[in-house]
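Reader: Please take me closely through one part of this model and what surrounds it. I would like the cut-offs stated as you go, in one connected account.

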Amino acid sequence: MNKKGSAIIIWVVLIIVVGLAVWLALSKKSEAPQNETKNEKTINVFFLNKQRYAENIEPYEVKVERTVEANKDSKQAVIEELFKGPSAEEKQEGLMMIYSETTGATLQFDASTETARIDLRGECNSGGATYTAANLIFKNLKQFPDVKYVRIYDSEGYTLFPEQGDSTPGCLQP
């Protein structure tokens, strides 16, 4: 084989190798999770599993993942996502949010006392139920190691035990 033929073969092999390298790099990039960007992060949100609750199998709650803006406070994002409720697919899997007639909530966190204060919006009524919005709020906020206490206030600003431990408003009592 002459020098010209050898040079052509080397160029063809080189083009094939470079093409494969580019293809592999692009395919690996497309496999990366979409939330791996600098602008997003993944949080965990817990919803009630109707079947587990009905069969008295603890824990009653099931964790799902949500993608939120990276600069959003994780605790507030969890509360917002909780009150959005489960997706249609999650509902088909038996997950639900117990609203107890509330329409949303805001969070204030005091790091010095490790206390999360939740102010409920809208009406508040347990309807005599022993499992209420409070259970899901507690479960979602207690996943954070820096949250020691959760105090939930109704829309009028009342809770049963504002100065000690965890607390719920009277409207979320059975």
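Author: An open sheet of 3 strands, in the order 2-1-3 and with antiparallel pairing, is the place to start. Strands of a sheet pair through backbone hydrogen bonds, either parallel or antiparallel. Here two strands count as paired if DSSP finds at least two bridges between them. Strands (E, at least two residues) and helices (H or I, at least four) are DSSP runs, numbered from the N terminus. The model is predicted, so local features need pLDDT of at least 70 and side-chain atom pairs count only at pLDDT 80 or more, while totals for chains, interfaces and linings use all residues. Residues are numbered from 1 along each chain as its sequence is written, and side-chain values use heavy atoms, with hydrogens and water left out.

The edges of the sheet are strand 2 (61-69) and strand 3 (95-96), each of which pairs on one side only. Strand 1 (residues 40-49) pairs with strand 2 in the antiparallel sense over 9 bridges.

Helix 5 (residues 133-141) lies across strand 1, strand 2 and strand 3, and runs at about 145 degrees to strand 1.

The buried residues of helix 3 are K75, Q76, A77, V78, I79, E81, L82 and F83. Their cover includes strand 1, strand 2, strand 4, strand 5 and helix 5.

In one of them K75 meets D146, at 3.1 Å from N to O. D146 lies in the loop between helix 5 and strand 6 and K75 in helix 3, so this pair ties together parts 71 residues apart in sequence. K75 has a relative accessible area of 10% and is therefore buried, whereas D146, at 32%, is partly exposed.

E81 forms a salt bridge with K84, the closest N and O atoms being 2.9 Å apart. Both residues lie in helix 3, 3 residues apart, which is about one turn of the helix. E81 is buried at 10% relative accessibility, while K84 is exposed at 58%. Salt bridges with shared partners join R66, E81, K84 and E90 into one network. E80 also takes part in a salt bridge, with K72, at 2.7 Å from N to O. Both ends of that pair are partly exposed: K72 at 30% and E80 at 29%.

The nonpolar side of the picture follows. In soluble globular proteins, nonpolar side chains tend to be buried together. A nonpolar core is a set of buried Ala, Val, Leu, Ile, Met, Phe, Trp, Tyr and Cys residues joined through side-chain atoms within 4.5 Å, and the largest such core has 33 residues. I118, L120, I137, L141 and I152 have the most contacts inside this core. Strand 1, strand 2, helix 3, strand 4 (102-110), strand 5, helix 5 and strand 6 each supply at least two of its residues. Helix 5 gives the most, with 6 residues. Leaving out residues up to four places away in sequence, I118 touches I79, A105, T106, L107, I137, L141, R151, I152 and Y153. I79, one of the residues on that list, is among the buried residues of helix 3.

How values were computed: Contact means heavy atoms within 4.5 Å. Axes are lines fitted to C-alpha atoms, for helices over the stretch in contact, and angles run from 0 to 180 degrees between N-to-C directions. A salt bridge is a side-chain nitrogen of Lys or Arg within 4 Å of a carboxyl oxygen of Asp or Glu. Buried means under 20% relative accessible area, exposed over 50%, partly exposed in between (1.4 Å probe, protein chains only).
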